[in-house]
Amino acid sequence: MKPDRTDHQDFSQFIGGRRLKIAANQTYSVINPATEDVVTDIPFGDKDSCLEGIAAAEKGFMVWRNVNPFDRALILKRAAALMHERLDEYAKITVLESGKPLTEAIGEWKVAANFFEWYAEEGKRNYGRVIPASRNNKRMSVIQQPMGVVGAITAWNFPAYNPARCWAAALGAGCSVVAKPSELTPLTAMLIAGCLHDAGIPDGVMNLITGDPAVIGQVMLQSPSVRKISFTGSTRVGKILMDGASVTHTRLSLELGGSAPVLVFPDVDVDQIAAESVTAKLRNAGQVCIAPQRYIVHEEIAERFLQAVKKKMQSIISGNGLDPKTEMGPLIREVQRENIDRIVKNSLAAGAEVQFGGHKGPGSKGFFFEPTLLRINQADNPCFQQEIFGPVMPVITFHTLEEGLMLANQTPYGLASYVFTNDLKTSVHASEKLEFGMVGINEWYPQAYEAPFGGWKQSGLGYECGPEGLTEYTEKKLISIGGV
Ligand code: NAD
C-alpha cells in the first residue's frame, strides 16, 4: 500500500534547506515488513550527498550558533506543534515502514514531538559556572558552547524517537545536524526534518541524507567539520565508529545494544506481573534496546509465572499494525527473523525448553515470529547471552537475592534492568547493585525526556535525554581573567 502524499510528505534528502529528490540517480525501496510490499522508493545518496550535507551544516552552524536560545526555542516548539498536528497521518507512515501497531506509532510521535519541546526549553538553561579563584586578582568562569556540526546516525526500531532524541538535543544546544536515519525506516525521519523546515529552521541547520551507511560513517568520521557523531544502533557498529574515532578524534555518543534482566521476587502479584511482562516484552515485537529480556524469576513462583505468561501469550493478536486489533507487528526484516529463529534453535540445542511459540509465522507474507516462551536452566544458554531483539522471553529461576543479582549482572551489556518486589530493602539493595544505566523498580518504562538515558559497559558511551543529553552537544570553555 502506498501512502497518500500531501504537500508536507516529501520523501527526499534534505540538504541546505532544499529537498533533493535524486542523488547519483540511485533509489532505494522502503519495504512494509507486514506485507513485504514496497511502501515507496526514496533517493539513495552517496559520499557526495554526505559531503554536501556537511558543507551545508557548516554554514548552518554559523547562523544557528548566533540565534538566541529563546528564538531557537520558538522554532523547535513550532516544529513540535506541527508534529502533533500531523500525528495521525504521520503515524500511519511509521506503521507502514516499521510494522509496529498504530497505537505504538502514535505514542512514539507524541514522544518525538515532546523531545523538541523539552530541548527547546532546556537550551535556555545551558548554564555555565563561576569559580572563585585562589588569587584576588583573578576571575574564572566556565561557559558551555555548541560543538558544531553533529552527525546523527540512528536505528530503525524507533523511527521517530531515535532521531528526535538526538536531533532535539543537538539543535537545542545550538549545533547543526547531518542526519543519516536507518535505510529501513527513513520516511519518518524525513517527515520530522520536514516539520523543522516548515517551522522555519534556517537553511543548513538540519540536513538529512541517505546512502550506504559504512561509507557515510567514514565520511563523517574523516570530516574535520563533524565535531561529534551521535550513534544509536548495535554494539558491533558502535565499535567500528570507536575504532575510526580513535584516529580522527571525533567525539562520540553511543547508544548501543542491551540485554535487560527482569528480577521477579516472590512477594509480587504473580499473575499481574506475568501479564505485564508479556506486554512489555512484545512492545515493538521485542525490538527495543531496553526490552525486558532475561526473566530471572524466584523459584517459589516460577511455575505460576510461566503458566500466566503462557495464558497471556495465547491471547496476543499479531498482524498488520494498521489493523486496530493488532497487538504485535512483524519483525523489521527477514534477516532479523532468521536471526531470532537461529537464537531459538541454538537455545533449544543448549537445553532450553519451549513453553510457548518458537516458530516463524503466522501467514505466508510478512516477517512475523510467534511470541515465544523459553525455560532455561543455565545462564550460558544463547538466549541468555545474546541480545535477542525479538518476541522471545527466556525464563530462569533464582533462590537468593545475591544469586539473582549475579545472574542479572552476568552480561557484557548494561542498559536497562527491572526489579519487581514490594519489599523496600530488596528494591534498595537490588537497585544499588545492578550494573545498568537504568533500573526500573516496579515499572516497565525507566526513562523520560528529562532524565539521563545511557548504557554502562558495552551498551554505550555518554548520555541522551535530560540535561546530560544537552551537555553532550556542548564543549566547556574556561575563561580566566588575570590582573584584575
Ligand atoms: P545497526 O548498528 O545495524 O544500525 C544502526 C545505524 O547505523 C543505521 O542507521 C545503519 O544504517 C547505520 N550503520 C550500519 N553500519 C554502519 C557503519 N559501518 N558505519 C556507520 N553507520 C552504520 O543497528 P540496527 O540493527 O539498526 O538497530 C538495532 C540495534 O540498535 C540494537 O542492538 C539495539 O539495542 C540498538 N539500539 C539502541 C538504542 C539505545 O538507545 N541504546 C536505541 C535503539 C536501538
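An oxygen atom of the ligand lies 2.6 Å from a side-chain N or O atom of S234, a polar contact being a pair of N or O atoms within 3.5 Å. For E387, a polar side-chain atom is 2.6 Å from an oxygen atom of the ligand. The backbone takes part as well: a polar backbone atom of L256 is 2.8 Å from a nitrogen atom of the ligand. The protein covers 90% of the 850 Å² of accessible area that the ligand has on its own, as computed by the Shrake-Rupley method with a 1.4 Å probe.

The model is predicted, with local features requiring pLDDT of at least 70 and side-chain atom pairs pLDDT 80 or more, while totals for chains, interfaces and linings use all residues. Residues are numbered from 1 along each chain as its sequence is written, and side-chain values use heavy atoms, without hydrogens and water.

Around the ligand there are 28 residues, each with a heavy atom within 4 Å of it. Those that come nearest are T154, K180, E183, S234 and E387. By residue class, the shell comprises 13 nonpolar, 10 polar and 5 charged residues, with Gly counted as polar and Asp, Glu, Lys and Arg as charged.

Helices α5 (161-173) and α7 (213-222) and strand β10 (226-232) each supply at least two shell residues; these elements are DSSP runs, helices (H or I) of at least four residues and strands (E) of at least two. The greatest contribution, 3 residues, is from α7. Domain 1 (13-256 + 459-479) and domain 2 (260-448) each provide at least three residues of the shell, the bounds coming from an automatic or database domain assignment.

Key:
Polar contact = N/O pair within 3.5 Å; in protein donor to acceptor, adjacent residues only side chain to side chain.
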